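Subject: Handover of a structure and summary of findings

Dear colleague,

Please find the structure below, followed by an account of what was found in it.

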Amino acid sequence: MSEPTAQPADTELTASTVDTTGESSVDTTTATTTSSVTIPRMDPIDAGRFTASEAPRAVITATDVSCYYGSFRAVNEVTMDIGLHEITALIGPSGCGESTVLRAPNRMNDLIPGTRVTGTIAYHGMDIYAKDVDPIEVRRRIGMVFQKPNPFPKSIYDNVAYGPKVTGMKVSSMDDLVEESLRGAALWDEVKDKLKQSAYGLSGGQQQRLCIARTIAVKPEVILMDEPCSALDPIATSRIEDLMLELKEDYTIVIVTHNMQQAARVADRTAFFTAEAAEGHGDRTGHLVEFDETTKIFSNPADSRTEDYISGRFG
């Protein structure tokens, strides 16, 4: 198979320089594609590799990020870096805001009425919530795989080709791009003879890998995964985990998981969240308790709440 040449449409993800002292609020009505500064795309060959003692280059930096649904503050002042070509796991009991935090970098929370984000989320140093940033372009660069496999009611081929078509990617051969994406999701050998068949005919694990292929077809740099294995059997879960370890050679991955063993197996760094009741009322707000290398989180956590959670004392 010849190497496909795929280029994104002639759009730029533009943004204001990050103001670390200010706030960024979601405003979907003013997002445009006009303007000024182009966020660089990182080539894996130039990215380098890091030893365990070296800090990775940050692709996404969250600084004092709080997320609100109306007047309810779901997550309070999260600060963390997402490292290049690493898998970062977000763990914690249900209702602690991990999924809300996961959706913030690609602005999926914009789609929920009344949602707003304060603080700064920077992608290569650019504020992705700046008013001159197009959220659609953000989502092309920062892809999302959801908890439940959600293939489109189309053929396997059309599921993978859908993103490049609707975003206007310049592709020399769509057939080659579909094959490349399915190979990247470790699915090609299983579906190559039935590309025109409905995606609904695949097993749950195959459907989830198809969703991953659909995500990587538009050439993102970051892949967000919201409990991608929670609806899968152990064999399918193992295949997705193996796939994540392969994909991090070319992508940066952030995953929400309630499976402690999964976080320990695949993640380079782990963030533990918990929820605390606000004073005066029963609303529980998510807090980042601890964020460190996964080996340290699971062997020698700095906070007793982390140790209590990973040892099963609560959650």
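**Salt bridges**

R305 is partly exposed, with a relative accessible area of 33%; here buried means under 20% relative accessible area, exposed over 50%, and partly exposed in between, using a 1.4 Å probe and protein chains only. This is a predicted model, in which local features need pLDDT of at least 70 and side-chain atom pairs count only at pLDDT 80 or more, while totals for chains, interfaces and linings use all residues. Residues are numbered from 1 along each chain as its sequence is written, and side-chain values use heavy atoms, with hydrogens and water left out.

The partner of R305 is E276: the two form a salt bridge whose closest N and O atoms are 3.0 Å apart. A salt bridge is a side-chain nitrogen of Lys or Arg within 4 Å of a carboxyl oxygen of Asp or Glu. E276 lies in strand β11 and R305 in helix α11, so the pair ties together parts that are 29 residues apart in sequence. Helices (H or I, at least four residues) and strands (E, at least two) are DSSP runs, numbered from the N terminus. E276 is also partly exposed, at a relative accessible area of 36%.

A search of the whole structure finds 13 salt bridges. One of them joins R269 to E86, with the closest N and O atoms 2.9 Å apart. This pair links distant parts of the chain, since R269 is in strand β11 and E86 is in the loop between β3 (72–83) and β4 (87–91), 183 residues apart. Both R269 and E86 are buried.

K219 forms a salt bridge with E180, again with the closest N and O atoms 2.9 Å apart. K219 lies in the loop between α7 (204–216) and β9 (222–226), and E180 in helix α5 (residues 174–184), so the pair ties together parts that are 39 residues apart in sequence. K219 counts as partly exposed at 26% relative accessibility, and E180 is partly exposed at 22%.

**A buried arginine**

What is the nearest side chain of opposite charge to R139? R139 is buried yet has no salt bridge, and the side chain in question, D110, is 4.2 Å away. For charge, Lys and Arg count as positive and Asp and Glu as negative, while His and the chain ends are not counted. R139 lies in helix α3 (residues 135–141). A polar atom of its side chain lies 2.8 Å from the backbone oxygen of R107. Leaving aside neighbours within four places in sequence, R139 is in contact (heavy atoms within 4.5 Å) with N106, R107, M108, D110 and L111.

A271 lies in strand β11 (residues 269–277). A271 is buried, with a relative accessible area of 0%. A271 and F291 are 20 residues apart in sequence and 4.2 Å apart in space, C-alpha to C-alpha. Not counting residues up to four places away in sequence, A271 touches M80, A89, L90, I91, L288, E290 and F291.

Rings of Phe, Tyr and Trp (its six-membered ring) pair if their centres lie within 6.5 Å; planes under 30 degrees apart count as stacked, over 60 as edge-to-face and the rest as tilted. By this rule the count comes to 2 aromatic pairs. The rings of F152 and Y162 have their centres 4.9 Å apart and their planes at 65 degrees, so the pair is edge-to-face. F152 is partly exposed at a relative accessible area of 26%, and Y162 is partly exposed at 35%. The rings of F272 and Y309 have their centres 5.1 Å apart and their planes at 25 degrees, so the pair is stacked. Both F272 and Y309 are buried.

**Nonpolar cores**

A nonpolar core is a set of buried Ala, Val, Leu, Ile, Met, Phe, Trp, Tyr and Cys residues joined through side-chain atoms within 4.5 Å. The largest has 46 residues, and those with the most contacts inside it are I91, I156, L182, L210, I212, M225 and M244. Helix α8 (residues 234–247) supplies the largest share of this core, 5 residues. A second, separate core of 34 residues includes I60, I121, M144 and V254.

With kind regards

Methods
A polar contact is a pair of N or O atoms within 3.5 Å; within protein, one must be able to donate a hydrogen and the other to accept it, and residues adjacent in sequence count only if both atoms are side-chain atoms.
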